[in-house]
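Here's a quick tour of a few spots worth looking at. Have the sequence and the model open side by side.

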Amino acid sequence: MPKIHELSETLTNQIAAGEVIERPASVVKELVENSLDAGATRIRVDFVDAGLKQIVVQDNGTGIERDQVDLAFTRHATSKISNEHDLFKVSTLGFRGEALASISAVSHVEILTATDGAIGTRATFSGGNKKGQEDAASQKGTKITVQDLFFNTPARLKYLRSPRTEIMKIVDIINRLALGYPQVSFTLSNTGKILLRTTGNGNLKQTVANIYGRHIAEKMEDIEAEDTDFKVTGLISKPELTRSTRNFISILLNGRYIRNFQLNTAIMDGYGSKLEARHYPIAVVSIKVDPLLVDVNVHPTKQEVRLSKEKELSRLITTAISNALVEKVEQTSAFVNL
Ligand code: ADP
Ligand code: MG
């Protein structure tokens, strides 16, 4: 039996990175979530070669103090929670303190950040090691450049799909984040070519128009319902406007895009028999809930969460949707009677 020994920090970071950073879209997700947590109102994302050659995320958020940069890139170091109580009322998208450490373990990273709009700091990391840091002119906010993703983990590269699919995954994640944050302006570009721009004026219908097109946004109905624990708002397509996959359904819990089978079913139930088989709506269902009722510490990517009172929430969603559709039918028939 070989002797047991502790692995180096570089190696443990690389292993941990595998859990959070699966593909270029994971880098985009983690960096943009950090920008949102930093209170950014404008976020630009540009990628080259499906994100493998380069991903740049720039925000106008709080920035990071120069003497905090090393900690930001240290695993399990975070500004978002402090004790075990905080873990049960997480109100930020991040809290595990893993993303920057993970990303820098499997790529070359440059961070340019400033907490006010004058002199900031620029630091570089590569394969988990710090390369340097110096003062640099910077606007307030943070710009992170990730190059040569997975350069030191070739096995990971083999599992990636075609560039087209990887790009679709990046677009998808930005779409969902933009739908969760209509008050933030997002710009996504591929090698400088704009793929998406949201106005960020806080209007969800406008954001839906930016993402899916105006003709779709115009055919969507507002939903709204509330009980003591949950507030549900959003937009849903009329039954005649459908898609052949569930991918156009977005469930946002306190702004976080989540996957949840039961809530998906609740949305479909709201349509009752109005949908044909294998037809799915376009829907943005935004849920506001006390963070105490949500356990986000279930999965490293936090797209699966555990919800207290999931049944009550399901009923609320179903009612919100069926009400929105019923009202519309009544309005139409009233109009016909005139
Ligand atoms: P987490 O988001 O879970 O805290 P990260 O590794 O993603 O962990 O980030 C570590 C820390 O770096 C954050 O807690 C935050 O304080 C800081 N940080 C990261 N990105 C930004 C950003 N864009 N703007 C301001 N601070 C940031
Ligand atoms: Mg984070």
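## A hairpin, a helix and a ligand

Thr 124 stands opposite Gly 132 in β5. This is a predicted model, where local features need pLDDT of at least 70 and side-chain atom pairs pLDDT 80 or more, while totals for chains, interfaces and linings use all residues. Residues count from 1 along each chain as its sequence is written, with chains lettered from A and ligands numbered from 1 in the order in which they are written.

Back to the strands: β4 and β5 pair in the antiparallel sense over eight bridges (pairing takes at least two DSSP bridges). Two residues sit between them in the hairpin, and Gly 127 in that turn has a positive phi of about 50°. None of the nine residues of β5 is buried, so the strand lies largely in the open. Buried here takes 20 or more other C-beta atoms within 10 Å of a residue's own, with C-beta atoms placed from the backbone.

Helix α7 does have buried residues: Thr 207, Val 208, Asn 210 and Ile 211. Down the axis they fall within an arc of 160° (taken from the directions from the axis to the C-beta atoms), so they line one face of the helix. Next comes Gly 213, with a positive phi near 105°.

| Element | Residues |
|---|---|
| Strand β4 | 119-126 |
| Strand β5 | 129-137 |
| Helix α7 | 204-212 |

As for ligand 1, 22 residues surround it, the closest being Asn 34, Ala 38, Thr 78, Gly 94 and Ala 99 (C-beta within 6 Å).

How values were computed:
Buried ≥ 20, exposed ≤ 12 C-beta atoms within 10 Å, placed from the backbone. Helix = DSSP H or I, 4+ residues; strand = E, 2+ residues; numbered from the N terminus.
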